[in-house]
Amino acid sequence: MAQIFAYITHKGGAVDDTAAELAAAAQKIDAAAQVTAIVVGAGADLDAACQGAAKLFAQVWKFDNAALAYPNGEVVRKLLSQVVPAGSILLVPHDTFGMDMAPGLSIKLDAAYAADVVAIESLSGTELKVVRQEFAGMAHTHIAVDIAKGAVLTLRPGSFQPEKGAELAGTVSDKSGDAGDLGTKRRYLETVEAEMGDVDITKADVLVSVGRGIEDQDNIGVAEELAEAMGAVVSCSRPIVDAKWLEKSRQVGTSGKTVKPKVYLAMGISGSFQHLGGIKGSPFIVAVNKNPKAPIFQVADIGIVENILEFMPALTEKISG
Amino acid sequence: MEILVCVKRVPDTAENEIAIKSDGTDIQRDDLVYSVNEWDNYAVEEAIQIRDKVGGSVTVVTVGDSEAEEVLRRQMAMGADNGILLADDAFEGSDGRGIAAILKAVVAKGKYDLVLTGAQADDGAAQVGGMLAAMLDWPYASLVNKIDTGDKSLKIGREIEGGNQEMNEIDLPCVLSIQTGINEPRYVGIRGIRKVASIEIPTYAAADLGVAADAVGPAAARVKRVDYFTPEMGAGAEILEGSMEEKIDKLIELLKAKGGLK
Ligand SMILES: Cc1cc2nc3c(=O)[nH]c(=O)nc-3n(C[C@H](O)[C@H](O)[C@H](O)COP(=O)(O)OP(=O)(O)OC[C@H]3O[C@@H](n4cnc5c(N)ncnc54)[C@H](O)[C@@H]3O)c2cc1C
Ligand SMILES: Nc1ncnc2c1ncn2[C@@H]1O[C@H](COP(=O)(O)O)[C@@H](O)[C@H]1O
């Protein structure tokens, strides 16, 4: 059986929520696996992160190096291509780091690559069967991954349920000495924080959130009227911000804001995982969409199949009396 | 700056309901509306803006069948100078690694300073750009939402979680995958497309590129789609039925109960 590794992201000494998800996914590949976590960085935070990882994994490999103080995709790929043994299976979260680092690593390791895996079905011989989605979540696929030469898998955050209870006491090994030259042609400069907008959608109890189904900038007013009638705040999906119809600070999702309203009205939003990733605390979700097969209906509490451009004004009128 | 932009023709998910064929081998492709992958459109716009600022040329390339030529023409109507179609029966059924290997061959035939891809395409893998960079041994950055050009390097912003931006300096030549929102892609009208209708678009097959036929296609693929399927859903949403009037009344009742309406 191939050796399984998990790449752990961490911040301020705490491992990311995805670490436990990778541990759960590794168990799905091989219930008996002694999984090794790889934790990289520099300084005191790194030790704290390794301690966190040791609660989830049997072994932890620590890489401490000034070049890893900000572990960007390029430098981590260089490190991992030096230290991950050929033929291994490496699990990485499918987040903005994993998307940056992992595809190129699979080439450097001469391993298979499966991206954004949402479930692991079975392993038989060298064939690992996993589940992915295509067409913005509208179609699901079974994928056969040939792991004969190893594999790199990125796993969709939130898709694997961490096991509760059992805490491990993994051993941390300092492998820093195994790293060779970590010079790269891409250098981290700084992180620029997202701008605060005029409204704080994270504080709203009720959000009227519009997606591409709003069709035109001129229709934004229809949502604003409904929000006003409800005493709610308008938020949106990413394409609305890309089109500059609303400010970035109104965007819900992994690359926008994380919101915790009591009620979330998703108007003409398909329900991509990046959008849903920004909704926490399981609010009451009402989805209005003209496509009865829209993925949002899988997660919403209430679904309404209607044209939002007719539905929203009618709802506003009824509420305003 | 000589810029190559990789583009893909995909079913437009904003325009289509995607349905799976009953045997699970594919989605139903009759009557699908196709367009250029959303992310690639931003990549081409960015390339055009860079060229207009610092000079050079923009070439758009796609691996596809003869129908994929239409997206090349559309991007040329936007302002790309050249198009290249990479078409060969041997390319069909390639996985991401195979597509990257084909693109690598076309990069090797030219003299590019910068290669742009979209962040991801219709199957959401977000892989081809990073693989291509690794094959070329060029530096790579994904989800780029800002580019400042320089002589030997670029200053770029990458979108990271929460909409924060990771600023990097990256040496040329490099591969960047472009995130939506980096610019506002210009509109392409029918007239623009007519203007480029007669421009010759060279087509290369595996032999022209020096790509070994067994390095691409299904035989070389290490990830294979077994089938499309409809998952067993959990409870899913309660779908409100009836006239719009009835749905609105029911919804208002529910909203009141859940604190969404006073
Ligand atoms: C790294 C990364 C980060 C991302 N971060 C985010 C993020 O933070 N937030 C985010 O939202 N997205 C994010 N995305 C984009 C995400 O993948 C989707 O593209 C996006 O969420 C789709 O937005 P949408 O649902 O509004 O549009 P679409 O997917 O186009 O859906 C539009 C929906 O409206 C319906 N519709 C159309 N017209 C009508 C009508 N008249 N009446 C009713 N329904 C109608 C359609 O049936 C469809 O379901 C990110 C993507 C990447 C790659
Ligand atoms: N067949 C193709 N031809 C040209 N470029 C492609 C092709 N497939 C993917 N790409 C490029 O790679 C990017 C990411 O696609 P993917 O890795 O398939 O999600 C796309 O946005 C394109 O720029």
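User: In which helix of chain A do A:Arg238 and A:Asp242 lie, and how many residues apart are they?
Analyst: First, the conventions. This is a predicted model, in which local features need pLDDT of at least 70, side-chain atom pairs count only at pLDDT 80 or more, and totals for chains, interfaces and linings use all residues. Residues are numbered from 1 along each chain as its sequence is written, chains are lettered from A and ligands numbered from 1 in the order in which they are written, and side-chain values use heavy atoms, with hydrogens and water left out. Helices (H or I, at least four residues) and strands (E, at least two) are DSSP runs, numbered from the N terminus. Now the case: both residues, A:Arg238 and A:Asp242, sit in helix H6 (residues 238-242) of chain A. They are four residues apart, about one turn of the helix.

User: What do A:Arg238 and A:Asp242 form, and how far apart are the closest N and O atoms?
Analyst: The general idea: a salt bridge is a side-chain nitrogen of Lys or Arg within 4 Å of a carboxyl oxygen of Asp or Glu. A:Arg238 and A:Asp242 form one, with the closest N and O atoms 3.4 Å apart. Over all chains, the count by this rule is 33 salt bridges.

User: Which residue forms a salt bridge with B:Glu69?
Analyst: B:Arg73 does, and the closest N and O atoms are 2.8 Å apart. Both residues belong to helix H2 (residues 69-78) of chain B, where four residues, about one helical turn, separate them. B:Glu69 is partly exposed, with a relative accessible area of 25%. B:Arg73 counts as buried at 14%.

User: How far apart are the closest N and O atoms of B:Asp148 and B:Lys146?
Analyst: They are 3.9 Å apart, and the pair forms a salt bridge. B:Asp148 is partly exposed at 30% relative accessible area. B:Lys146 is partly exposed too, at 36%.

User: Which residues are linked in a network of salt bridges?
Analyst: One network links A:Asp100, A:Arg186, B:Arg158 and B:Glu166.

User: Now the ligands. How many residues surround ligand 1, and which are the closest?
Analyst: A residue is near a molecule if one of its heavy atoms lies within 4 Å of it. For ligand 1 the shell has 31 residues, and the closest are A:Ser237, A:Gln251, A:Ser255, A:Ser270 and A:Asn289. Ligand 1 lies between chains A and B. H6 and helix H7 (273-276) of chain A each supply at least two residues of this shell.

User: Where does an oxygen atom of ligand 1 lie relative to the side chain of A:Ser237?
Analyst: It is 2.5 Å from an N or O atom of that side chain. A polar side-chain atom of A:Ser255 lies 2.6 Å from a nitrogen atom of ligand 1. A backbone N or O atom of A:Ile308 is 2.9 Å from a ligand 1 nitrogen. Taken alone, ligand 1 exposes 990 Å², and the protein buries 93% of that. These accessible areas come from the Shrake-Rupley method with a 1.4 Å probe; for residues, only the protein chains shown count as cover.

User: Which residues are closest to ligand 2?
Analyst: The closest are B:Cys6, B:Asp40, B:Ala126, B:Gln127 and B:Val128, among 19 residues that surround ligand 2. An oxygen atom of ligand 2 is 2.6 Å from a polar backbone atom of B:Cys6. The side chain of B:Asp40 has an N or O atom 2.4 Å from an oxygen atom of ligand 2. Alone, ligand 2 exposes 480 Å², of which the protein buries 97%.

User: Which element gives the most to the shell around ligand 2?
Analyst: E4(B) does, with three residues.

User: How many of the eleven residues of helix H3 of chain A are buried?
Analyst: Eight are, and this helix (residues 73-83) is mostly covered. The buried residues include A:Glu74 and A:Arg77.

Technical notes
Buried < 20%, exposed > 50% of the residue type's maximum accessible area, 1.4 Å probe, protein only. Polar contact = N/O pair within 3.5 Å; in protein donor to acceptor, adjacent residues only side chain to side chain.
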